[in-house]
Amino acid sequence: MRINNGILSIDVAEHGAELTSIEYEGTEYLWQANPEYWKRHSPVLFPIVGSVWNGEYRSKGTTYKMGQHGFARDMDFTLIEKSDNQIWYALESSPETREKYPYDFRLEIGYQLRDNEVDVMWRVRNTGKGEMAFQIGAHPAFYWPMLSNIERENLGKMEKMLAADNRRGFFRFGSDKKIVLMNTTLGDKGCADTTSEKSRIETDENGLLPLVTETFNHDALILENSQVSEVTLTDQKGLPYLTLRFDAPLVGLWSPPKKNAPFVCIEPWYGRCDSMNYQGDYEDKDWIQKLPEGKSFETKYTIVIERH
């Protein structure tokens with residue numbers, strides 16, 4: 001389903017209520033899901049973010065199996081509202097979801113166009129009895145700004161360019177001065193290595209973090225504890241290309257390790273993968289969200305297409 005405000009056009013699929021396109025002035029900004037690198041565009045992660053240890057978790061005395069990033073991204077949603085500049089989809093708990101997750105819920109995902117910005121909006125409602133535990137997160141993938149439209153359509157040429165030019169651009173984290181961020185390292189089975197010290201990420205004196213082939217060799221960078229509230233992807237000259245603004249307490253930064261992939265992900269999260277060897281209950285894991293009976297959790301993040 002497409003909506004257009006005369007500046008931006010976006011497409012959203014019923015499957016996963018996933019954003020599948022962002023176009024501005026004839027340029028596609030959102031990765032187009034070539035399975036050679038990664039088969040998704042911008043999945044919503046629910047009711048977990050990342051992986052649970054050994055692919056299973058415990059809740060209320062029962063053990064459940066759960067794949068990476070939960071099940072919502074692989075389910076069909078129902079269109080509930082559409083206007084010229086806004087669209088909403090919903091998913092409700094069912095016998096199928098209860099086989100993997102013991103809580104009753106209604107998950108609504110909306111998209112709104114405002115000038116050169118896309119608001120991605122989430123509503124999680126606890127429709128069951130008692131307190132509900134959950135996590136939710138974003139996983140949008142954006143083309144590197146160095147690639148032209150022709151190169152985005154021609155993988156062979158694009159791979160040669162990426163291999164020849166190691167610098168893809170930069171991240172800026174809302175500051176034009178040098179800052180130091182602490183990264184939570186991923187360890188075994190896609191879970192966090194919380195037994196080791198966090199690694200340091202330092203920008204240059206202009207607040208820019210160079211993005212090169214090796215940046216994601218050890219998988220995602222994970223910034224916890226609200227260290228940043230916006231991330232800008234810039235071109236090779238440091239000029240802003242797009243910005244994500246959010247109030248999420250964590251953000252993940254990722255591109256497939258050692259693949260020369262043509263995109264990078266900027267991922268605001270309300271949750272994180274298990275720590276390695278975690279054996280506790282789901283309700284007690286790091287960065288779990290709690291929602292009282294009958295209440296709703298509402299938040300959003302914003303994608304800003306920078307204009308020059």
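## Cores

A nonpolar core here is a set of buried Ala, Val, Leu, Ile, Met, Phe, Trp, Tyr and Cys residues joined through side-chain atoms within 4.5 Å. Buried means under 20% relative accessible area, exposed means over 50%, and partly exposed covers what lies in between (1.4 Å probe, protein chains only). This is a predicted model, where local features need pLDDT of at least 70 and side-chain atom pairs count only at pLDDT 80 or more, while totals for chains, interfaces and linings use all residues. Residues are numbered from 1 along each chain as its sequence is written, and side-chain values use heavy atoms, with hydrogens and water left out.

With that settled, the largest nonpolar core comes out at 73 residues, and Tyr101 and Phe171 have the most contacts inside it. Strand S10 (residues 105-114) gives this core its largest share, 5 residues. Helices (H or I, at least four residues) and strands (E, at least two) are DSSP runs, numbered from the N terminus. Take Phe171: setting aside residues up to four places away in sequence, Phe171 touches a list that includes Leu208, Phe216, Val231, Leu253 and Ile266. Contact means heavy atoms within 4.5 Å. There's also a second, separate core of 18 residues, with Tyr37, Ala261, Phe263 and Trp269 among them.

## Ring pairs

Searching the whole structure turns up 23 aromatic pairs. For the bookkeeping, rings of Phe, Tyr and Trp (its six-membered ring) pair if their centres lie within 6.5 Å; planes under 30 degrees apart count as stacked, over 60 as edge-to-face and the rest as tilted. Trp38 and Trp254 are edge-to-face, because their ring centres are 5.6 Å apart and their planes sit at 70°. That pair links distant parts of the chain: Trp38 is in the loop between strand S4 (27-28) and strand S5 (44-45), Trp254 is in strand S22 (residues 250-254), and the two are 216 residues apart. Both Trp38 and Trp254 are buried.

Tyr57 and Tyr282 make a tilted pair, at 4.9 Å centre to centre with 45° between the planes. Tyr57 belongs to strand S6 (residues 56-59) and Tyr282 to the loop between strand S23 (263-270) and strand S24 (289-291), so this pair ties together parts that are 225 residues apart in sequence. Tyr57 is buried at a relative accessible area of 3%, and Tyr282 is buried too, at 1%.

## Charges over rings

A charge sits over a ring if NZ of Lys or CZ of Arg is within 6 Å of the ring centre and within 35 degrees of the ring normal. Arg123 lies over the face of Trp88, 3.9 Å from the ring centre. Over at Trp53, the charged end of Lys189 sits above the ring, 4.6 Å from its centre.

## The cavity

The whole-structure search finds 1 cavity of 30 Å³ or more. Grid points are joined across faces, edges and corners, and a volume is the space filled by probe spheres set on the points. The largest cavity has a volume of about 90 Å³. Its lining has 13 residues, of which Arg168, Thr213, Ser255, Pro256 and Asn260 lie nearest the centre.

The peptide bond from Phe46 to Pro47 is cis, with omega near 0°, and Pro47 is in the loop between S5 and S6. Asp219 isn't a glycine, yet has a positive phi of about 80°. Asp219 is in the loop between strand S18 (208-212) and strand S19 (221-223) and counts as partly exposed, at 30% relative accessibility. Asn277 is another non-glycine residue with positive phi, near 70°. Asn277 lies in the loop between S23 and S24 and is exposed, with a relative accessible area of 52%.

## Two buried leucines

Leu291 is in strand S24 and is buried, with a relative accessible area of 4%. Neighbours within four places aside, Leu291 is in contact with residues including Val124, Met132, Phe134 and Phe297.

Leu19 lies in strand S3 (residues 19-24) and counts as buried, at 0% relative accessibility. Leaving out neighbours within four places, the contacts of Leu19 include Ile10, Leu30, Tyr111 and Ile303.

Technical notes
1 Å grid on protein atoms, 1.4 Å probe; cavity = no way out; pocket = protein on both sides within 12 Å on 5 of 7 lines; lining within 4 Å.
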